[in-house]
Amino acid sequence: MIKTPEEYEHRQIESKWRKRWDEENPYEAVVDEGREKRYILAMYPYPSGKAHMGHVACYTLGDVIARYYLSKGYNVLNPMGYDAFGLPAENAAISGGIHPSEWTRNNIGLIREDLKRLGYAYDWSRELSTCEPQYYKWTQWFFLKMFERGLAYKTDAVANWCPSCGTVLANEQVLSDGTCERCETGVQTKWINQWFFKITDYAERLLDDMKLLEGWPERVLTMQENWIGKSHGAEVGFELESTKERIGIYTTRPDTLYGVTFFLLAPEHPLVDRLAEENGKTGEVDEFRRILQGTNRFERTSLEVEKTGVFLGDYVINPVNGERVPVYTANFVLYEYGTGAVMAVPAHDQRDFEFARKYDLPIKVVVQPSGETLVPERMTAAYEDAGVMVDSGGFTGMESEPGKEKVCEYLEQEGAGKRAVNYKIRDWLVSRQRYWGAPIPIIYCDKCGIVPVPEEDLPVILPEDLRLAEGGKSPLPFSESFYGVQCPRCEGEARRETDTMDTFVDSSWYYFRYASPHDDSMPFDLDEARYWLPVDQYIGGIEHAILHLMYSRFFTKVLFDMGLIDFTEPFTRLLCQGMITKDGAKMSKSKGNVVSPGEYMDKLGADTLHLYILFMGPPEISKDWNDRGVEGAHRFLGRVWRMVLDRCLPRLNEGSDADCGRGAHLEMRSLTHMTIKNVTRDIEQYAFNTAVSFIMELVNGIYEYTGEDAVTSPMVVREAMETAIKILSPFAPYITEELWEKIGRKESVHKEPWPEYDENLAKPLEITVVVQVNGKVRDKIAAPAGVHEEEMKALALGSESVRKHTADKEIKKVIVVPGKLVNIVVQ
RNA sequence: GCGAGAGUGGCGGAAUUGGCAGACGCGCGGGGCUUAGGACCCCGUGGUUGAAUAAACCGUGGGGGUUCGAGUCCCCCCUCUCGCACCA
């Protein structure tokens, strides 16, 4: 009877195991002090709908790593959850009339379904969602801890304001053209009273601890370093001529202090109004400000924008030379950086130079480059490099670099200033005038002022029975049942804070919560956290290089300071996966180039998707989706299927093991062991694309070994087949599980140990000696693996092709690279 | 402008320490099997010249250099991608 060959039916196989895995949660993580742990974490998704290719790319990387370490005997924690608060849920409520909570929970259902179909090795019992009160109770708890430690404070600040949405926006919610990502209205700047986290207190530690982050990509560290933006310089006081009050400035160029010819204040600086009033400049200043109001911060800070300003009618005195210089307000001076006031040195600062030319202000050269002499009238740009100080009192003749130090010393002696360090990083604005977020646990009482919600009253529940107010505004300020509250201190009438927290607060600590997601008494169990954390391998998109990763580092340091943990960095290693594009462009609905994982899971299977996405290229580069390529991956899995069922299984009862140390049998064994070696090394280096190609070579080799008329050894066939299935298992979890069962193994393939290789077998049996004459390949000669240098040389010189190329020439030198190559140098 | 990274066949991409450039896959060509094949199995496939699976030459963005030998190291230039962008 002829048996119809069983085909590779991915649908049937994947639904069978999916069901079993669903029931058994086979990757449940349990603390085991006797075993070494690995915490593998891929950034949790924002549930905007079904999974997209970016998710698949990220989570498949985590899956391979988790499954590999499981097989290597580690105790692996690999959890998943949802970043469930945020703006898109409110947008959906506005456009679709669906409540944010319903929209979010529906979407969680959709993406969970996709993630389960994708077959990832998660411990589903640890699933969490940031919009559930059990979770955000602790987000609020952290806010209280920040408040207790003086790290949460409320103040007036300049913020991005969308007049149409009636709320502040985070910088990342403002598009690059300066419009609101939701309604495309031009974003304005506005002064609002807001809650901040004092991340600037941690600037130095965030910078300093980067040396601990050896497992992070260099570019992420560079981006964070630039973001923190530490600079060294001096703080210098200039005296206002009219009132003698001191105005501090920050400069990185104290060596140019003698070149100051005017003085600038940011338009937002409080002194601007006063000086304008005192000197009858109010009209001009108001007009200037009115023009600035019309432009948003992005336009205002664009390099192309002309530098403009208004003279405020007053002067300041330069502390080093007593010179009197005019005070202006100027568009390009930032209030948020330094002191919001700057000394202007047009000869040595391009911005000041442009401003001076426009308003015909004097330019005074105080640093001369070597080899030329700058003359102000002939300068077309500022000279910003180092040189020799001139016209600088006692410092004249000094090199400008050491001059900086000397000027600082002098300033300190005179009490006019001091050395200072400045950072670009600003405090983290955490308030949002939004509904769908964790309420800030603060109460305002007329008598007691700002009162934190007592810990035992947490969580402050976000009422889910409210509808968005008109214009999409948060309903919280209009809901008396929410904001009306008794003061916890005086029991008088009080109001709740109606702002919610930035969703980056939720995600700054979720990786701690996975340690004990159901704990009701603490944000995380200290013992569980001590065992599992820090995260050994974090995986996610490069777009979070600064915000999320920096905030998480900040939170971790605060937790350390609170004595809850004994480490200061949350993520030991970081892998940033590249984008998946289609036709060279980012996938988007508007471009119509979206490829959806669901479609491919139906057509080709989850395994195919895993395999292809890994095979496309190295994890960190961006990769273009190709339908032919994904079909190739599917074809390979079919080939593996047939290899096991049609080629290998029938041969397990054929032939003998008598000759398995010779000829084709030995070659097969050698290939098997070499493949284990190569795949193991490549997985450890995260070179998954080449790991897959080595498995492909093994499969090709097994086909060759089990060819139609070939005599095979059952032991060799079994070893090769089982190895192939096992090492493929992290890349294609379903088909390998099914095949493992089909070959009669009882345990899950994913719980089987990773194979070891025999070093003697994992070496090529024969080497090819490449013979060159003057660096050009002239022959290739097969030789036994252990061939000696002298033998190689003799082989090379005996080659016919070599003789042809060396005839009538003098052999000057013979270079032998053991086991590889002989180069004969002739003249 | 500043910072980081990358340029390898028709395509995605491989190449420990300088040592066979193009592994593996896609695509393409040929063969087998077949009523048929867009399934499957096998073979071939950087370019030029050539009947050739002979032989030679050329080939890793461009130019120069070091070396017996360079995709890899050094210098100059070009292009692309990403990040930051008036931070005083």
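Lys-37, Tyr-39 and Leu-41 point to one side of strand β1, while Arg-38, Ile-40 and Ala-42 point to the other, and all of these residues are buried. The model is a predicted one, and that holds for everything described below. Strand β1 spans residues 37-42 and is mostly covered, with 6 of its 6 residues buried. Its link to strand β2 (residues 75-77) is a parallel one, made through 3 bridges. Within this pairing, Tyr-39 sits opposite Leu-77 of β2.

Helix α2 covers residues 53-71 and contains His-55. Is His-55 buried or exposed? With a relative accessibility of 10%, His-55 falls in the buried class, because the cut-off for buried is under 20%. Leaving aside residues up to four places away in sequence, His-55 is in touch with Pro-45, Thr-60 and Ile-111.

Helix α8 (residues 270-278) also has buried positions, namely Leu-271, Val-272, Leu-275 and Ala-276. Why do these four end up on the same side of α8? They cover an arc of only 130° around the axis, and that puts them on the same side of the helix. The face turned away from the buried side of α8 holds Pro-270 and Glu-277, both exposed. After α8 comes Gly-280, which has a positive phi, near 65°.

Now for a pair of helices. Two packed helices can be described by the angle between their axes together with the distance between the axes. For helix α19 (residues 606-615) and helix α20 (residues 627-648), the angle is about 115° and the axes lie 8 Å apart. The crossing of α19 and α20 is right-handed. On the α19 side, the contact is made by Asp-607, Thr-608, Leu-611 and Tyr-612, and on the α20 side by Gly-629, Val-630, Ala-633, His-634, Phe-636 and Leu-637. Sorted by class, the contact of α19 with α20 comes out as 6 nonpolar, 3 polar and 1 charged residues.

Another open sheet is built from 4 strands in the order β30-β29-β32-β31, again with pairing described as mixed. Which strands stand at the edges? They are β30 (776-784) and β31 (811-817); each has a single partner strand, so one side of each is left without a neighbour in the sheet. From one strand to the next, the twist averages 15°.

Strands of a sheet pair through backbone hydrogen bonds, and the sense can be parallel or antiparallel. In this sheet, strand β29 (residues 766-773) and strand β32 (residues 821-826) run parallel and are joined by 4 bridges. Along that pairing, Val-770 is found opposite Leu-821 of β32, and Val-773 has Ile-824 of β32 as its bridge partner. Strand β31 runs antiparallel to β32, with 6 bridges joining the two. Ile-824 turns up here as well, as the β32 bridge partner of Val-814. The hairpin of β31 and β32 has 3 residues between the strands, and Gly-819 in this hairpin adopts a positive phi near 75°.

One residue of β31 deserves a separate look: Val-817 has its place in this strand. How does Val-817 count at 34% relative accessibility, and why? Val-817 counts as partly exposed, because that class lies between the buried limit of 20% and the exposed limit of 50%. Val-817 and Glu-412 are 405 residues apart along the chain, and their C-alpha atoms are separated by 65 Å.

Key: Residues are numbered from 1 along each chain as its sequence is written. Chains are lettered from A and ligands numbered from 1 in the order in which they are written. This is a predicted model: local features need pLDDT of at least 70, side-chain atom pairs count only at pLDDT 80 or more; totals for chains, interfaces and linings use all residues. Side-chain values use heavy atoms; hydrogens and water are left out. Axes are lines fitted to C-alpha atoms, for helices over the stretch in contact, and angles run from 0 to 180 degrees between N-to-C directions. A crossing is left-handed if the near helix is turned anticlockwise from the far one by less than a right angle, and right-handed if clockwise. Contact means heavy atoms within 4.5 Å. Ala, Val, Leu, Ile, Met, Phe, Trp, Tyr, Cys and Pro count as nonpolar, Asp, Glu, Lys and Arg as charged, and the others, Gly among them, as polar. Buried means under 20% relative accessible area, exposed over 50%, partly exposed in between (1.4 Å probe, protein chains only). The arc is that of the directions from the helix axis to the C-beta atoms. Two strands pair if DSSP finds at least two bridges between them.
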